[in-house]
Amino acid sequence: MALVEVKVPDIGDFKDVEIIELLVKPGDTVKAEQSLVTVESDKASMEIPSSHAGVVKELKVKLGDKINEGTPLLVIEAAGAGAAPGAAAPAPAPVRAEPVEAPASQAAASTSTSPVRTESAAPASGGVVDVVIPDIGDFDEVSVIEVFIKPGDTIKAEQSLITVESDKASMEIPSSHAGVVKDLKVKVGDKVKKGSLIATVQAAAGAVNTVRAEPVEAPASKAAATPASTSTSSVRTEGGAVQTALPAHEPAVLQSNLPHASPSIRKFARELGVPLDEVKGSGPKGRITQDDVQAFVKTVLSGAQQTKAQAAKAPAGGAASGGAGFPGLLPWPQVDFTKFGPVERRDLSRIKKISGANLHRNWVMIPHVTNHDDADITDLEAFRVQLNKENEKSGVKVTMLAFLIKACVAALKKFPEFNASLDGEQLVLKQYVHIGFAADTPNGLMVPVIRDADKKGILQISKEMSELAGKARDGKLGPAEMTGGCFSISSLGGIGGTYFTPIINAPEVAILGVCKSATRPVWDGKAFQPRLMLPLSLSWDHRVIDGASAARFNTYLAQILADFRRVLL
């Protein structure tokens with residue numbers, strides 16, 4: 001292994017640019033051309049890629065530093081190098097930093113170029129001209145993702161006509177002429193390249209024949225893949241008009257309110273139907289991140305927010321009534337119920353407002369699957385009754401829910417993926433076992449949490465359950481007593497029912513629903529015997545758990561409840 005100093009490569013006409021993001025830290029393993037830092041000038045943001053693969057040993061820069069070509073960024077223990085530490089490293093392949101995006105607030109600077117003249121100029125008195133794709137750098141066969149015009153539209157010179165996107169950048173293609181659109185030659189999804197015909201335009205007299213092809217942004221993961229073009233070149237149309245492509249790293253000047261986000265984030269937002277111009281960015285310089293888009297989705301689905309399109313279309317009160325959603329969903333029906341008879345209006349309780357929004361989010365965001373099974377609790381119920389008689393003087397009443405909590409502890413230890421939470425693309429496996437149980441109160445459903453249930457016995461769990469349930473009914477539960485749960489149990493045993501689908505309590509990945517036990521005839525191999533059977537309904541997150549694991553969990557849980565001695569194993 002050799003220690004290699006990674007320096008800032010040729011970044012074009014940029015000097016003393018400021019570091020606004022550090023994308024790696026000592027100990028990280030990086031690949032060649034992986035982005036290391038993000039820098040920003042008054043003209044553009046760009047990510048600086050690594051010239052080598054290996055392990056980061058030392059960072060030479062920090063946030064706010066000003067850097068130039070040749071500035072040392074970090075020291076890497078290069079993978080696959082055989083030279084001794086400090087020896088000269090093999091010359092890396094040329095790496096260029098590619099502009100990522102420029103926020104609209106910085107759309108001021110531009111780079112001057114000399115126009116390149118073709119055989120003839122555009123007619124001074126106007127005429128039908130072809131508007132084509134200018135030189136857009138080292139991009140070929142890019143996809144049209146947006147079309148901003150239609151036949152009959154009056155457009156200005158440099159007005160955006162379409163947006164194209166490759167795997168490296170998004171850019172808007174402006175018009176070389178002012179005039180009226182006669183015919184549109186492209187549609188969303190078409191592949192275009194330099195010289196492809198966009199539209200024919202009835203040019204206005206004295207139209208300016210200058211074209212700016214400006215990348216709007218490039219995703220961080222691919223910022224080093226292709227060099228940004230800064231040279232100028234001409235594109236000749238059939239009419240011989242001069243069309244000069246300007247440098248590709250200018251800020252977007254055509255749309256002053258362009259959201260500050262990468263193409264990958266734009267694509268993600270389009271797939272979800274999220275209007276990016278309504279999302280507030282939390283990244284550097286207001287950049288919109290994936291977390292920002294996901295947070296916007298959650299607030300809209302919960303009814304806490306509406307998009308502008310929904311607010312314009314939906315009747316007043318649609319969001320509050322549960323009609324909030326994404327474009328394409330029908331608005332919540334607005335009905336004058338008094339037309340059909342007398343009514344009474346009552347405000348939802350504070351708890352129901354909060355829990356309702358959470359339940360809505362969890363049901364929509366989590367792919368629920370529910371397994372149903374039955375547990376034979378004949379012997380366990382007999383033991384519970386006997387235990388309560390023996391401990392009658394202690395004042396602690398043992399319920400079946402206490403045994404269920406202890407049984408779930410054993411199942412969670414045997415199947416640890418159920419004692420987990422999903423965090424992005426990582427699974428957080430918990431080394432503790434906190435069990436939540438649903439408590440029915442006059443104000444609505446609450447879920448107190450029994451902490452460290454794996455370290456407590458049945459009597460202690462029963463006592464804590466009684467205390468927490470009492471606090472819940474009195475409205476005295478603190479936030480700390482309702483957070484940190486790993487797994488929840490929703491029991492309808494005291495009410496009735498057979499099976500149901502409990503909604504997972506995010507960020508948990510499973511929940512157990514329990515209904516009222518009933519005596520049923522069960523075949524023992526020779527005859528039907530009366531057995532007390534407890535219905536179990538296990539809902540689980542299919543992103544984390546598969547059907548086979550869920551079936552094993554439910555089966556194991558039923559076995560423990562049938563013979564509680566298994567808890568000791």
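Predicted model: local features only at pLDDT ≥ 70, side-chain atom pairs only at ≥ 80, totals over all residues.
We begin with a backbone feature at Glu33, whose phi is near 75 degrees, a positive value in a residue that is not glycine. Glu33 belongs to the loop that links β3 (29–30) with β4 (35–40), and because its relative accessibility is 36%, Glu33 counts as partly exposed. Another case of this kind is found at Asp452, which is not a glycine either and yet has a positive phi of about 50 degrees. Asp452 sits in the loop between β28 (449–450) and α7 (458–474), and with a relative accessibility of 27% this residue, too, counts as partly exposed.

Along the chain Ser160 and Met171 are 11 residues apart, and their C-alpha atoms are separated by 9.7 Å.

On the surface, the reader can look for a nonpolar patch formed by Val335, Phe337, Phe340 and Val343, which together have about 410 Å² of accessible area. One of these residues, Phe340, lies in the loop between α3 (308–313) and α4 (350–365). Phe340 has a relative accessibility of 65%, and because exposed means over 50%, it counts as exposed.

Helix α5, made up of residues 378–390, has 13 residues and reaches 19 Å from its first C-alpha to its last, which is close to the 18 Å expected at 1.5 Å a residue. Which residues of α5 are buried? They are Leu380, Arg384, Leu387 and Asn388, and because these residues cover an arc of only 95 degrees around the axis, they are on the same side of α5. On the other side of the helix, Lys389 and Glu390 are exposed. What do the buried residues of α5 pack against? Their partners are two helices, α6 (400–414) and α8 (547–562), so that α5 has a buried side with an arc of only 95 degrees and exposed residues, Lys389 and Glu390, on the other side.

The last stop is a cis peptide bond, which joins Ala506 and Pro507 and has an omega of about 10 degrees. Pro507 is placed in the loop between β29 (487–491) and β30 (510–514).

Notes
Residues numbered from 1 in each chain as written. Heavy atoms only, no water. Patch = residues over 30% accessible without salt bridge, like charges linked within 9 Å, V, L, I, M, F, W, Y side chains within 5 Å. Areas by Shrake-Rupley, 256 points an atom, 1.4 Å probe, with all protein chains shown as cover. Salt bridge = Lys/Arg side-chain N within 4 Å of Asp/Glu carboxyl O. Helix = DSSP H or I, 4+ residues; strand = E, 2+ residues; numbered from the N terminus. Buried < 20%, exposed > 50% of the residue type's maximum accessible area, 1.4 Å probe, protein only. Expected span 1.5 Å × (residues − 1). Arc of directions from axis to C-beta. Contact = heavy atoms within 4.5 Å.
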